[in-house]
Amino acid sequence: MKIAEIKIMRGPNYWSVRRPKLIQMKLDLEDMEQRPTNLITGFKERLQAMFPDMYQHRCSVGKPGGFFKRVEEGTWMGHVIEHVALELQTLAGMDTGFGRTRGTGKEGEYYVVFSYMEEDAGVFAAKAAVKITQALADDLAYDIENDIMQLREIREETRLGPSTGCIVDEAAKRNIPFIRLNKYSLVQLGYGIHQKRIRATIASTTSNIAVDIACDKEETKNLLSAAEIPVPKGVIVRTEEGLKEAVESLGYPLVLKPIDGNHGKGATTNIIDWNMAVKALAAAQVYGRNIICERFITGFDFRVLVINNKFICAALRTPAAITGDGEHSIQWLVDETNKDPRRGYGHEKVLTSIKLDSFSQQMLDAKGYTLDTIAPKGELVLLKPTANLSTGGTSEDVTDEVHPANIFMCERISKIIGLDICGIDIMAPDLRLPISENGGAVLEVNAAPGFRMHIDPAVGIGRNVAEPVIDMLFPKGSAGRIPIIAITGTNGKTTTARLTAHIAKSAGYKVGYTTSDGVYIQNQMMMKGDCTGPVSSTFVLRDPTVDFAVLECARGGILKNGLAFQNCDIAIITNVSTDHIGLGGIDSLEQMAKVKAVVAETVFKHGYAILNADDDLVYDIRKGLDCNIGLFSMDENNPRIKKHCNDGGLATVFENGYISIMKGNWKIRVIKVTDVPITYGGKAVHNIMNTLPAVLATYLYREIKVDDIKEALETFVPSPTQTPGRLNFFKFKHFEMLVDFAHNQAGMQLLSDFLGKMDGSPKVGIIGGTGDRRDEDIKDLGSIAAGCFDEIIIRQDKSLRGRTAEEIVQLLVQGIDKAKTKNIPVTIINIETEAILHAYNTAKPGSLITVMCDDVLASLEFIKGLKEAEDKL
């Protein structure tokens, strides 16, 4: 078996809109296609022995054991690999269960699709599942535990930590979108100008100076002491001589910790003699020269969490420890403790397994113990100097026991330091009394406090500490969103996107939009090239200056990675035609319509999908949608339009020379088509079609008035600046040149219809074929060109996409010869700019040269250069 390709879906996609995180693996079974599971002796038994919990996989049977029943009856290896990949992730602490296996149309080749929680882990699971299944089929030994451990390590390296993760989860519950900004804990909540950022539990609202103060333990203590907050007595030491003076001044027991440490790094507590103090100094100075030496406060370790200056909860923390039983060694007791099902690797469970290290050894040495020591029954043996959960410590919720005076003190501390998310470490006998009365003290104030101890305490009630964070960042129920209009279809997407963006911009919005030419923020190009995929959409949604997004979403991006957004407000589907059929597993118009429907399926229930009522496949998409429907048509008498409007629906139509909005039984005439520059006086029918959905989409925003739309349509002038590669005319002294991006049959036919209404003779066409299209598609381009042009120049795309230039030329010529009704001279010039130059040099007076370009911006610049040179003569 061989993996031909792995794609990572990160958003709504062809396989599932509601399950955005999917791995799509194209798998060639090779000779295994002839060996279904029921023909491999012992396969089921070996599979069951390796994955006994796979009994819970119901499969199509619909009940536990269903998958094993399918294996017994006989199923193909792609199906088995799907289930193995899911079970591997589950065994590694990533419980996920969606999968599909479908043939690609080629014998022995399958799409194996399954869900993931962490994408790197999903890719690993895909590859491992193939190896495991092959080993099972060949009856070979396989170390599955090694794969599971690698998956756990990948998960811990790539997942959001529990604190960041719970904030993101809370945001998602409130329908607030998020974007992960790096591989670590930097996350954007919300879109555009409404975005907020978090890194772990530091928010974009958190004061930088407050974080600096909290990270400087001496500065923190000075501020708190000046405010009459109980803090331990202590000094800064840098040398052993300074340490000796501190010991003489403070006496034992002591605590040593780095001045700017965190998470207990380099800290040693309960220092009771000089040797221990020297070792503690060395351990602390690994993290910095300046070390705090404080009097060790006896009592229990408490963490109080304050968010937005309000007390939220409190926890009692206990370092990793075992309790002696008088019978077994410390090592045996640690191993038994780690068998607790609540303990796991890293952050996968409520508690973390205890890992013995040099700090553990130091603590045992201080008591004169080794790992083989049998501790007396009932003795608590501490194994870590601090109570961090990440090192095996435990927590107990004590929120309801905190004295009002301590609550007041902690809220006051958060304001003194200036932290809006604040963790306060207190050592005290308990928090039931004011710590000023029971000898307790505030040890530290933490920026970016961990939430895990509060979310999942080992004892007591878990607290939703993410809720007050989201309340603080997004008050009054704000979802942090900006309007999103998403546009897809075969032809007209870019013009529709540009026009929609222009209308919104004219109405006062700060618009970010994506097109096949580039990404634009308020009409400034930020990225160049075909920018119709999820990376480009994410670029717009991340931009903090944008308050309105118009996103062109092409087939390629949807099939490769899915969409960049989970929901949009309005989706436009312009049309569906044969372009790109045969690519990416899409072999029919019906499948292509399903790809385009992904965009419409993301529309909010209160939003609108705007569909082309003149296109049967697009119109039928409405049946699977759970949102409002808007229609557009070039014919106001289209029965679909009439029924839709009679039922109270909205539509835009071309009627009696006007672009009109129909609402119920009445209409709003927005503008006369001859007043819309991109229609060229109504001759460019395809641009009338592109205008209709743009008008309806923007009309649906109440802030955009009909007068705003009309004014924007009048000022959207076709030009290399506003509509690059879309009907761009250049008037030379003796002829005209037209540049257009028509690159498929439907687009070229519309262009041909337009050219038939234009003056200019002879008509010269510079055409090309796209190498990854079907033979018949390339021939059709030639046939359409033969019905349109008097002379044809054939040029080549920069990328031939799997064909030779000779093959493409041959197919185009075949199409020309099949359709021509007169002699049409055909010239072959492969390089686009050379083809343009040839047409320029041989142009006859009065001729119209049409350039169907590949590299739009390069061709426009080249033609501008020719025009500027001519103007200078």
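Let's start with helix α7, whose face turned away from its buried side carries the exposed residues N208 and I209. Here exposed means over 50% relative accessible area, buried under 20%, and partly exposed in between (1.4 Å probe, protein chains only). Helices (H or I, at least four residues) and strands (E, at least two) are DSSP runs, numbered from the N terminus.

This is a predicted model, in which local features need pLDDT of at least 70 and side-chain atom pairs count only at pLDDT 80 or more, while totals for chains, interfaces and linings use all residues. Residues are numbered from 1 along each chain as its sequence is written, and side-chain values use heavy atoms, leaving out hydrogens and water.

Which residues of α7 are buried? They are A210, V211, I213 and A214. Seen down the axis of α7, these fall within an arc of 160 degrees (taken from the directions from the helix axis to the C-beta atoms), so they line one face of the helix. The table shows elements that the buried residues of α7 pack against (contact means heavy atoms within 4.5 Å).

| Element | Residues |
|---|---|
| β8 | 202–203 |
| α8 | 217–226 |
| α13 | 404–417 |

Strand β21 is another of these packing partners. β21 (441–447) is also an edge strand, as is β19 (394–397): each pairs on one side only. Two strands pair if DSSP finds at least two bridges between them. Their open sheet has 5 strands in the order β19-β14-β13-β20-β21, with antiparallel pairing. Between β14 (residues 310–318) and β19 there are 4 bridges, and R317 has S395 in β19 as its bridge partner.
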